[in-house]
Amino acid sequence: MWLRNNALVASAGAAAVLVCAAVVLIFFWVPVDADQGFSQKIFYFHVPIALTAYLCFGWGAWKALLHLWKRPPGADLESYVAIHLGVIFGALTLITGSIWARVSWGIWWTWSSRQLVLFLVLFLFYAAYFMLRYSVDPGPARANISAVYALFGVVLIPISFLAIRLAEDFIHPTVFTSRGPQMAGSMFFTFCVSWAAMIALATALYQLELAGKRMDRTLRELREALE
Amino acid sequence: MTYIRDVTALARKDLLLELRARDTLPAMLLFVVAALVVFHFALPGSSSQLASKGLLWVAIIFTALLGLARAFAAEREQGLLDGLVLAPCDRSAIWLGKTFAMLMFLVLAEVVALPLYALFYSGIGWSTIAGVALANLGICAVGTLLAAMAAASRARELMLPLLFLPLAVPIVVGGVGASVVAASGRYLALLAVYDAVFAIISWASFEYVVTE
Amino acid sequence: MTSAEKYVTAAYLVVFAVVLVYVLIMAVKIARLQRELEQLAVLARRRQQEAEAPRRQEAAEVG
């Protein structure tokens, strides 16, 4: 119960602790990768950010489903904030991924990275979500349409991934070998801490933005009651 | 069985309207021919046959977009969407009827476009035709739902391509793959999966898009 | 610093910067909410005085 009421404080606290712990582990404890060298350390942030973005889109879709199904009053707002956060983390995924590509392979973009291409498609899809939302007047219609679109998005994720994988067969990109993370124990532990840190950070930002928007709404109601 | 009757009635209404107005289909036909001509100039001399196959799919997607933009135009211009929604039929029947009508338009446009493509560029095999057939279903299913969303927005026709193109990526991959790769089975399977999944969720969620 | 170190730092810096920009946007929003809250408090106080004024008048007439 206390956790629910103080979700913002709790998640911000957890984020502070976990992010610091992750950075300490990444830069002071975990050994440098033998193959890729120091640049491999980007991976400890890049992949958790990507996974957290997926979680945000999933959470947004879940809230959207709840909105269409049971109609709790706050669900539309929560769905919107989750997707907003997902887009921010998605943009971060593309940026950190691009930097990683530059340092690993010398180019800023490659079509052979399935993850990056998938995120590009998803980024376009969810960017359109905001265009859609801002072009419909606020009300139950907007909430419904946004919810349906959010559900489409989460269905698109696996199908796009499949499509991108199949596309490689006829697009013939120059294949950059990047061996999957066969991580030593310490690397895996650091990765997990970093992932937990990203989830905590996303939760904290989510609660923060939600609190701000809810206050906005309450103040508007108050104003209408007083004027 | 009233459901099927409703769907047929709605589809027939759209086709009859088009027969009388004759604005969407001629535009689609002209567009696809013009696009195929432009593509000739867009392909530098050393481009392969494969590149032109890819461009065929671009033409199909954008021709479909042109038709879809008009999907709810009549209802919107005359404020009929509310009336349609109040009709005593399942809302999803509206979606299904509209999708069938769009499918007819797209197929008619392709009946012209594909032979023309074979004439201008290179021959078309059975796998390409199968790919086009499967892709049509996905395009019309998703496109009709998105057209309804776009109709509710202030930006109208501008919204539809923005909403549609990211969702069109698997269709293009499946279609081009089926046209270009010898072992086209996987790509046709991808299209079939896309059609099944997105048709179901479009059918189920149309009600929420048009009501409040 | 080697070039690899520079890129790694840049990547982490981008993440840090985005979070800080978020904080900045939140700060601006809270400032705006504060102002609105003040305005509404003024309105509420005025309402309260208007509600008390007729009561005070009645008390004066009776007394």
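This is a predicted model: local features need pLDDT of at least 70, side-chain atom pairs count only at pLDDT 80 or more; totals for chains, interfaces and linings use all residues.
User: Why are α6(B) and α7(B) called oblique to each other?

Analyst: Happy to walk through that one. The axes of α6 (residues 91-120) and α7 (residues 126-152) of chain B cross at roughly 140°. Roughly antiparallel needs an angle over 145, and roughly perpendicular covers 65 to 115. The pair is therefore oblique. The two axes come within 9 Å, and α6(B) passes α7(B) in a right-handed crossing.

User: Which residues meet between α6(B) and α7(B)?

Analyst: On α6(B) they include Trp95(B), Met102(B), Leu106(B) and Glu110(B), and on α7(B) they include Val132(B), Asn136(B), Ile139(B) and Leu145(B). By class, this contact has eleven nonpolar, four polar and two charged residues.

User: What makes Leu162(A) count as partly exposed?

Analyst: Good one to check by count! Leu162(A) has 18 C-beta neighbours inside 10 Å. Buried would take 20 or more, and exposed 12 or fewer, so Leu162(A) counts as partly exposed. Leu162(A) sits in helix α6 (residues 140-171) of chain A. Its C-alpha atom is 9.8 Å from that of Arg114(A), 48 residues apart along the chain.

User: How do you know which helix gives the largest share of the side of chain A that touches chain B?

Analyst: The contact takes 28 residues from chain A and 29 residues from chain B. On the chain A side, α5 (114-134) and α6 each supply at least two residues, and the largest share, 19 residues, comes from α6(A). That side divides into 24 nonpolar, three polar and one charged.

Methods: Residues are numbered from 1 along each chain as its sequence is written. Chains are lettered from A and ligands numbered from 1 in the order in which they are written. Axes are lines fitted to C-alpha atoms, for helices over the stretch in contact, and angles run from 0 to 180 degrees between N-to-C directions. Helices (H or I, at least four residues) and strands (E, at least two) are DSSP runs, numbered from the N terminus. Angles under 35 degrees count as roughly parallel, over 145 as roughly antiparallel, 65 to 115 as roughly perpendicular and the rest as oblique. A crossing is left-handed if the near helix is turned anticlockwise from the far one by less than a right angle, and right-handed if clockwise. Two residues are in contact if their C-beta atoms, placed from the backbone, lie within 7 Å. Ala, Val, Leu, Ile, Met, Phe, Trp, Tyr, Cys and Pro count as nonpolar, Asp, Glu, Lys and Arg as charged, and the others, Gly among them, as polar.
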